[in-house]
Amino acid sequence: MQIASKLPDVGITIFTKMSKMANEYGAINLSQGFPDFPVDPQLIDLVHHYMKEGNNQYAPMPGHPVLREAIAAKTENCYGWRPNPDQNIMVTCGAIEAIMSTIAALINPGDEVIIMDPAYDAYEPIINLQGAQAVGVPLRATDYSIDWKLVWEAITEKTKMLIINSPHNPSGAILSKEDLEALEDIVDETGLLVLSDEVYEHIVFDGAEHQSVLRSESLRAHAIVVSSFGKTFHATGWRMGYLIAPEALMVEIRKVHQYNTFTIHTPTQLAIADYLKDESKYMGVSPMYQEKRDFFLDVMKESKFKPVPSHGTYFQLMNYSAISDQYDVDFAVWLTKEVGVAAIPMSVFYQDGTDNKVLRFCFAKGEETLSAAAEKLCAL
Ligand SMILES: Cc1ncc(COP(=O)(O)O)c(C=O)c1O
């Protein structure tokens, strides 16, 4: 059979590979970004309740009205602006479907989309699937901040969209108010679309405020903002996400969504709508993860790994150049097989595979798991 692959360069992701290797070698898995502690039993009971009550058929295509209403209220509570639940909000199958539906609806063959480099690994293949090109703008090597001069330089007449991600996976960097102002200048002058991936919006540390593009009137007129209940409520397997966008863009995005997933698990939508009524459920997420980050840094403080400050997400970067000068993928494989701890090599997030001798560790784990991993890592 002859198949002309649309993604000839895409193989099994490093996340799958490292998790598989962690299982094979019995290593502690700090590679893939998923929490290993339970979902709040109250939320599980709510899903069960709505199932038993008989809410088991298709919800409306853009999302259950009750959940869209709850998302509007949460957005107003967090960012001081209330999206219209009918026109601006759509519930999706995880944030990844929101990203896929947005790019498929709005990007055409020959377009260019600016992404930051390093970036979450899904953007580029999704852009390529549309016959478009991802143009990487390197983040500053020291702190993974955005050099806006380089963003300006990357804009051509083919550029349609700019993708930003704060808090940033893989680095844990966050955008500042000044970053949003710099982005406003670009959008005001060029009219570019902004896809703002804010899946870690509720995981921000040290008293910092999440700088959602929804805070800015001029940005939200051009922006598609993506979030994930999977991340916020550590239920990544439930595949619950949403997006917020101006009506004209939403009309197009819903056209893709309706022939893609059509609609999302009804009882879970109703359960989350109820759960969101208590703001402590999402406002309390940052302190919980900050404690984990601080615990991980504390148990690692005697090691030769050098932490790169993490301001958000549940990832901690560690530089290992005091331990080895191996290529980071080889070092990560060695660490999994010989030391018994799995992490993700940072080079996989770069378009050109830049190797700065840095690994990404996920600290969304119980303290026992983090301590056991640190014990092994401190022995190096
Ligand atoms: C930056 C970023 N965006 C999007 C996603 C996808 O989120 P979801 O699991 O809700 O599809 C992830 C998941 O790891 C992520 O890290």
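Is R215 buried, partly exposed or exposed? R215 counts as partly exposed, at 31% relative accessibility. This is a predicted model.

**Salt bridges**

R215 forms a salt bridge with E209. E209 is partly exposed too, with a relative accessible area of 47%. The count of salt bridges comes to 15. Side chains of opposite charge can pair when their charged atoms come close. The table lists some of these pairs.

| Pair | N to O distance |
|---|---|
| R82 and E69 | 2.6 Å |
| K281 and D40 | 3.4 Å |
| R215 and E209 | 4.0 Å |

K281 and D40 meet through their side chains. K281 lies in helix α12 (residues 280–283), and D40 lies in the loop between β1 and α2, so the pair ties together parts that are 241 residues apart in sequence. D40 is partly exposed, with a relative accessible area of 22%.

R82 and E69 also meet in a salt bridge. R82 sits in the loop between α3 and β2 and E69 in helix α3, so this pair ties together parts that are 13 residues apart in sequence. R82 counts as partly exposed at 36%. E69 is partly exposed at 39%.

D206, R293 and D294 are linked in a network of salt bridges.

**Around helix α7**

Helix α7 covers residues 177–190 and holds E181. E181 is partly exposed, at 44% relative accessibility. With E178, D185, D188 and E189, E181 forms a negative surface patch.

I174 is found in the loop between β5 and α7. I174 is partly exposed, with a relative accessible area of 26%. Beyond its neighbours within four places in sequence, I174 is in contact with residues including S166, D179, V204 and H311. I174 and Y144 are 30 residues apart in sequence and 8.9 Å apart in space, C-alpha to C-alpha.

How values were computed: Residues numbered from 1 in each chain as written. Predicted model: local features only at pLDDT ≥ 70, side-chain atom pairs only at ≥ 80, totals over all residues. Heavy atoms only, no water. Patch = residues over 30% accessible without salt bridge, like charges linked within 9 Å, V, L, I, M, F, W, Y side chains within 5 Å. Areas by Shrake-Rupley, 256 points an atom, 1.4 Å probe, with all protein chains shown as cover. Lys, Arg positive; Asp, Glu negative; His and termini not counted. Charge placed at Lys NZ, Arg CZ, Asp CG, Glu CD. Helix = DSSP H or I, 4+ residues; strand = E, 2+ residues; numbered from the N terminus. Buried < 20%, exposed > 50% of the residue type's maximum accessible area, 1.4 Å probe, protein only. Contact = heavy atoms within 4.5 Å.
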